[in-house]
Amino acid sequence: MSLLGKAGHAPAARESGFAAHRAGVDRLLASYRAIPEHANVRLAKKTSNLFRARAKNTAPGLDVSGLTRVIAVDPVARTADVAGMTTYEELVAATLPYGLAPLVVPQLKTITLGGAVTGLGIESTSFRSGLPHESVLEMDVLTGAGEILTATPDNEHADLFRGFPNSYGTLGYTVRLKIELEEVQPYVALRHVRFRDLRELEATLATIVTDRVYEDEPVDYLDGVVFSAEESYLTLGRRTDEPGPVSDYTGMDIYYRSIQHEGETPKRDRLTIHDYLWRWDTDWFWCSRAFGTQNPRIRRFWPKRYRRSSFYWKLVALDHKYDIGDKLEARKGNPPRERVVQDIEVPVDRTADFVEWFLREIPIEPIWLCPLRLRETGRTQRPGERAWPLYPLEPDRTYVNVGFWSAVPTAPGQQEGAANRAIEHKVTEFDGHKSLYSDSFYDKDEFAALYGGNTYTELKKRYDPNQRLLDLYSKAVQRK
């Protein structure tokens with residue numbers, strides 16, 4: 001994998017990339033001016049990685065069609081200028097030829113860089129590199145007031161820079177982001193370590209995060225899967241340029257099933273860096289089983305180009321539109337099901353407590369585990385400035401993201417969102433947080449205490465004084 005620059009990012013091509021970007025920005029601004037003053041400003045975007053419903057918008061939306069490209073990659077400085085609606089699939093395709101990748105690459109190809117910054121993203125490098133917004137050097141933001149402002153950690157809009165993560169488009173939309181990149185190797189060597197006790201897994205995970213080594217081998221990537229209280233795994237990845245055979249989980253073999261094994265000796269595997277970054281996308285973790293694609297008889301005839309998260313999203317959208325799942329359950333005489341699609345974070349020392357409670361009360365499996373810490377060093381940080389007020393994780397503290405994506409049966413007379421409400425209460429009890437891409441049921445006071453409070457209110461007054469954008473509570477909880 002070469003680190004040499006390509007002609008496509010020579011000065012003339014770089015200028016061409018910025019010229020095309022400026023044209024896209026002009027279309028964006030024209031579309032903003034075309035939205036009636038009384039209407040909420042929204043994106044004119046057909047796809048989304050959100051799982052919460054939202055009210056239909058009758059007004060025209062923002063034209064972001066010209067903001068879907070990697071503008072330029074600087075392999076010497078190890079940075080990239082990227083339009084806000086560029087997907088990570090496109091971003092990774094542009095950086096890997098240089099032997100570079102974003103510091104954190106969220107696991108689904110259609111997640112956009114702007115979406116991961118305003119809505120948070122996470123992956124197996126987060127134990128050492130934090131969250132995607134922590135490697136942003138500067139960003140151009142279209143605010144609710146219709147201005148495009150450049151926000152950096154130390155300019156006059158530093159408050160917007162710090163408050164933008166977890167704002168979900170309620171302070172503005174990113175037009176361009178300049179991000180740091182890191183060197184990667186052509187391959188990732190994997191060890192799947194089995195645990196029969198969740199507390200042992202918790203202790204081992206905490207130690208690896210601190211030491212970044214396990215049994216004398218470095219650990220560059222770290223996540224885990226829980227199948228049951230008696231069967232869980234940590235997957236440890238190591239960067240390598242050693243040639244050799246690699247596995248392929250884009251065909252009949254399924255990645256998450258490859259993790260499982262008997263015995264105490266770690267199971268070893270190898271993937272190309274490209275296939276490692278997208279190892280979860282082919283089967284959308286394990287959610288493709290809901291569509292039958294893990295049945296070998298179906299998988300064999302399911303076109304390979306449709307084995308990806310973007311296509312599964314279309315199927316989910318059809319289900320939401322026509323209530324297909326509930327209608328099928330009704331034909332079987334079963335009640336409707338409550339969707340429980342969430343990612344939460346709890347401190348590492350409460351991981352086993354939460355997972356044990358979850359397996360007992362919300363019987364969904366498997367469960368994804370991904371440790372994270374706020375980044376310790378970075379170009380965007382000054383002493384004492386490691387806080388992000390709308391998602392206030394503590395510096396120097398390890399958290400574990402717990403992801404679960406399925407549905408549970410409802411009971412007659414049950415309060416709407418009963419399972420999700422129980423999860424919210426337990427996460428708060430354990431001093432954690434919940435991501436806001438799916439259904440939320442907090443009351444206003446609790447929501448404000450968890451997600452920015454007065455800081456958010458002041459940001460909203462400064463950057464969206466006429467309330468052209470929805471506020472965070474209306475969007476995340478009230479589904480407006």
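Which residues in α12 meet which residues in α13? In this predicted model, for which local features need pLDDT of at least 70, side-chain atom pairs count only at pLDDT 80 or more, while totals for chains, interfaces and linings use all residues. Residues are numbered from 1 along each chain as its sequence is written, and side-chain values use heavy atoms, with hydrogens and water left out.

The contact, defined by heavy atoms within 4.5 Å, is formed by Phe354, Trp357 and Phe358 in α12 with Ala422, Ile423, Lys426 and Val427 in α13. These residues comprise six nonpolar, no polar and one charged, where Ala, Val, Leu, Ile, Met, Phe, Trp, Tyr, Cys and Pro count as nonpolar, Asp, Glu, Lys and Arg as charged, and the others, Gly among them, as polar. Helices (H or I, at least four residues) and strands (E, at least two) are DSSP runs numbered from the N terminus. Helix α12 (residues 351-361) packs with helix α13 (residues 418-429) at an angle of about 160°, their axes lying 11 Å apart; axes are lines fitted to C-alpha atoms, for helices over the stretch in contact, and angles run from 0 to 180 degrees between N-to-C directions. The two helices, α12 and α13, are therefore roughly antiparallel to each other, a term applied to angles over 145 degrees. Their crossing is right-handed, meaning that the near helix is turned clockwise from the far one by less than a right angle.

Helix α12 also packs with helix α6 (residues 198-211), at an angle of about 145° and with the axes 9 Å apart. Here Leu198, Arg199 and Glu202 of α6 are in contact with Thr351, Ala352, Asp353, Val355, Glu356 and Leu359 of α12, and the residues involved divide into four nonpolar, one polar and four charged. The crossing of α6 with α12 is right-handed.

In the loop between β1 (70-74) and β2 (79-83) lies Arg78, a residue other than glycine whose phi has a positive value, near 60°.

Notes: Angles under 35 degrees count as roughly parallel, over 145 as roughly antiparallel, 65 to 115 as roughly perpendicular and the rest as oblique.
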